Amino acid sequence: MHKTGETIQLHGIITDTSNLKVLDEMVSDRNVFDCSQVVSASWNGLLRLDAYLSKLSGQITLTHIPYHLFQYLRLLPNVGQKYVLGDIELTLLGSTEGGAAYQTRFLNSAVLNDLAHSDPKPFIQLEDGAQLIGRDSFICPARFGNRDYQSSALKSGWYQQNTEQFDFWYDYVSFANITLSLAMDLIQSQDSTLEALLKDIELGVTSIESSLGLLIPDFKATGAKSLSEVASFVHKACAQLSVVLDKSGKDVSEILVRIQLLAGSGEFQQAEALYKLLNEFSSTIANLYPTLTSIEEIGASTGQQISNLARIGSYKAMILALEPEHVSDETLNAVRETMDIMDPLSDGDWLETRSEFVQHLESVDQSLSKIIILLQGFDLLRQILEHRLHESEAIQDFLKRGGADWRGTKAAVFSLVNRTLVTDQEKYSCEFFIPEAARGEDSNQKPGDILLF
């Protein structure tokens, strides 16, 4: 982070451990945050940034926002309330024809809002013929949640006559699409957080076992090697999950674009074209079924391996059993160096050194307990995907009935969504894309309550 004039430039990666306190000396009554150099951001990282910005006074603008930030930021209710968005990166089609190449462009939110207000249609086409990917109420900050447009302006005859049904399907698939992206974020958060924690524990266990080898000649070290194997297992498993979810996410995003293109097609006169795409969508989601088993195995297997490493109690007993007469000055100094014990007050004193050794053991034990808690994130991931699978089954039932009673299917899908909002990602996504589903039942879920990563 650094500041030039009124502009605070953010660089790198925004995570839940980013030190936002650095901004305290930079902020003023008028702040512009340039996000053009932000490489990536986790969901929890943006939640923390959102909370920080919302406490500031004065005018706050985020600008040059890459799409990977915007797709999450727009879900947060403080956007437009506590701070505003400037230039936003959006995806466009070169024309309204299906084979057109994608491109990205930064567009000013004020320009977007003017376009949306001057020509109220669900999907925006620029003067050069390029069409923005996404409903105007999903990409224009001043229009978030506003579906006030003239259906007579639509080219598609079927869409004009079945506006409510088309909007339901498009909005629900948009919701499912963003939750797949957020599931990817959860995998990456699990991977990076567990990797960092396991590495720290491995370093701690290495120094512990090396010291025990100095103190007890017949001691055999195995814990550090086992931790390295656990870290490797988790990383490979998360990488495999990421590949599967990345493909599914891209497939759903492509289907969503094709649904949007139907809205602008004069040839879209029958429901079959839309139902064919819904079948592709539900089939893509159904392909995630085997992934549920894989996710369960990752959590269970990692938890079991960590439990098998629960040797800290026995290590502590070994250390406490060693009295000063059993530890030579040379060994004591070697242990202190290995354990990086620098306190001069305990220098040359085995009992004091032993006390610091035990504290180190207990610290490692606490970190192992944190890993067990973090593994619950895999269960959350499984639940998110399982929810989309149940909803896709309702869609398949609808299609098997030949498209009969779409309102009954809408009620069933919204009920499934509402009853299974287990993370704040799903809650915010639901409120943004399908607010009618969010209002179905009262919810006591608070943002971040069961996010464990």
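Here is a short walk through this predicted model, from its overall layout to one pair of helices. Local features need pLDDT of at least 70 and side-chain atom pairs count only at pLDDT 80 or more, while totals for chains, interfaces and linings use all residues. Residues are numbered from 1 along each chain as its sequence is written, and side-chain values use heavy atoms, with hydrogens and water left out.

Let's start with the whole protein. Its C-alpha trace spans about 95 × 55 × 40 Å along the principal axes. It has 16 helices and nine strands, taken as DSSP runs numbered from the N terminus (helices H or I, at least four residues; strands E, at least two). Of the 453 residues, 50% are buried, meaning under 20% relative accessible area with a 1.4 Å probe and protein chains only.

The largest nonpolar core has 138 residues, and Leu62, Phe166, Tyr172 and Leu274 touch the most other members. Such a core is a set of buried Ala, Val, Leu, Ile, Met, Phe, Trp, Tyr and Cys residues joined through side-chain atoms within 4.5 Å. Helix α6 (residues 163–215) gives the largest share of this core, 23 residues. This helix is mostly covered, with 38 of its 53 residues buried.

Finally, look at helices α12 (residues 350–374) and α13 (residues 376–400), which pack at an angle of about 5° with axes 4 Å apart. Axes here are lines fitted to C-alpha atoms over the stretch in contact, and angles run from 0 to 180 degrees between N-to-C directions. Therefore α12 is roughly parallel to α13, a label for angles under 35 degrees. Ile372, Ile373 and Leu374 of α12 meet Gln376, Gly377 and Phe378 of α13 in this contact (heavy atoms within 4.5 Å).

Note on methods. Angles under 35 degrees count as roughly parallel, over 145 as roughly antiparallel, 65 to 115 as roughly perpendicular and the rest as oblique.
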